[in-house]
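I opened my notebook today to look at a protein and its disulfides. Here is the structure, and below it are my entries.

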Amino acid sequence: MRAPPLLLLLAACAPPPCATAAPTPPGWEPAADAPWCPYKVLPEGPEAGGGRLCFRSPARGFRCQAPGCAAHASAGRSLRASVLRNRSVLLQWRLGPAEARRVRAFALNCSWRGAYTRFPCERVLLGASCRDYLLPDVHDGVRYRLCLQPLPLRAEPAGSPEPAAPAECVEFAAEPAGMREIVVAMTAVGGSICVMLVVICLLVAYITENLMHPAFGRPGLRRQP
């Protein structure tokens, strides 16, 4: 038995179910006894000094939810970048307990792709307790590459230095603000059209059932001769 066209139209115009925010997996947030993240933004030239020591509070309980946020992950899935609509990027990473005990700091390198080569944008040295870092402003339509490398503990004078872990890299491009506005406007217009079609179909069905079919009276009993 085929479904009526009105039901098919209602099913096509119904909005998709809302996705619930998944809880933050363990390891993405810093320890409870680490209320601050120390970091240094390093200058471009090595002769300019070691940078100024700063502190920031970690982004605990952060959720990346569409359409206001787009998440990008590295190949090893241990580094992710959440691109927000205000053109800021929250970088988060996780480590196992054994690996975290062997790390003294993190080196973050940022670069963006030009027409023929890559250009550096920021170099940051973060403390071992850090698990996130916020890039306050990125340019629309530019392909960024963020690489994070854990720096091992310094070896004892008599011991051999521990090899550094490979860097994890993530690439992303911020969506242009104009394109976001166009997508939002098209979504709103499409939803309005669906609502209008549903109302028109309901009105046509009401007219067809109640006005175009005349009401027939109950037939009387025929007299017997």
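What percentage of the 225 residues of the protein chain count as buried? I looked it up in this predicted model, and 24% of them do.

**Entry: the overall layout**

I went through the helices and strands next, and the protein chain has three helices and 10 strands. Reading from the N terminus on, I wrote down the order α-β-β-β-β-β-α-β-β-β-β-β-α.

I also looked at contacts between residues at least 6 apart in sequence, and 61% of these join residues at least 24 apart. For the surface, I noted that the protein chain exposes about 15,700 Å². Carbon and sulfur atoms supply 63% of that area.

**Entry: the disulfides**

How many disulfides does the structure hold? I found four. I then numbered the bonded cysteines in sequence order and wrote the pairing as 1-6, 2-3, 4-5, 7-8.

**Entry: Cys 37 and Cys 130**

Cys 37 is joined to Cys 130 by a disulfide, with an S to S distance of 1.9 Å. Which parts of the chain does this pair tie together? Cys 37 lies in strand E1 (residues 37-42), while Cys 130 sits in the loop between strand E7 (118-127) and strand E8 (132-135), so the link ties together parts that are 93 residues apart in sequence.

I checked the torsion about the S-S bond too: it is about 105°, so this disulfide is right-handed. Are the two cysteines buried or exposed? Cys 37 is buried, at a relative accessible area of 3%, and Cys 130 is buried as well, at 1%.

**Entry: Cys 64 and Cys 69**

Here the sulfur atoms of Cys 64 and Cys 69 are 1.9 Å apart, and they form a disulfide. The S-S torsion is about -100°, so I marked this disulfide as left-handed. Cys 64 is partly exposed, with a relative accessible area of 30%, whereas Cys 69 is buried, with 10%.

**Entry: Cys 147 and Cys 169**

My next look-up was the disulfide from Cys 147 to Cys 169, with S to S 2.0 Å. Cys 147 belongs to strand E9 (residues 143-152) and Cys 169 to strand E10 (residues 168-173), and this pair links distant parts of the chain, 22 residues apart. I noted 110° about the S-S bond, and the link is right-handed.

Cys 147 counts as buried at 14% relative accessibility. Cys 169 is partly exposed, its relative accessible area being 22%; the cut-off for buried is under 20%.

**Entry: one more cysteine**

Lastly I looked up Cys 54, which counts as buried at 18% relative accessibility.

Technical notes
Residues numbered from 1 in each chain as written. Predicted model: local features only at pLDDT ≥ 70, side-chain atom pairs only at ≥ 80, totals over all residues. Heavy atoms only, no water. Helix = DSSP H or I, 4+ residues; strand = E, 2+ residues; numbered from the N terminus. Buried < 20%, exposed > 50% of the residue type's maximum accessible area, 1.4 Å probe, protein only. Contact = heavy atoms within 4.5 Å. Areas by Shrake-Rupley, 256 points an atom, 1.4 Å probe, with all protein chains shown as cover. Disulfide = S-S within 2.5 Å.
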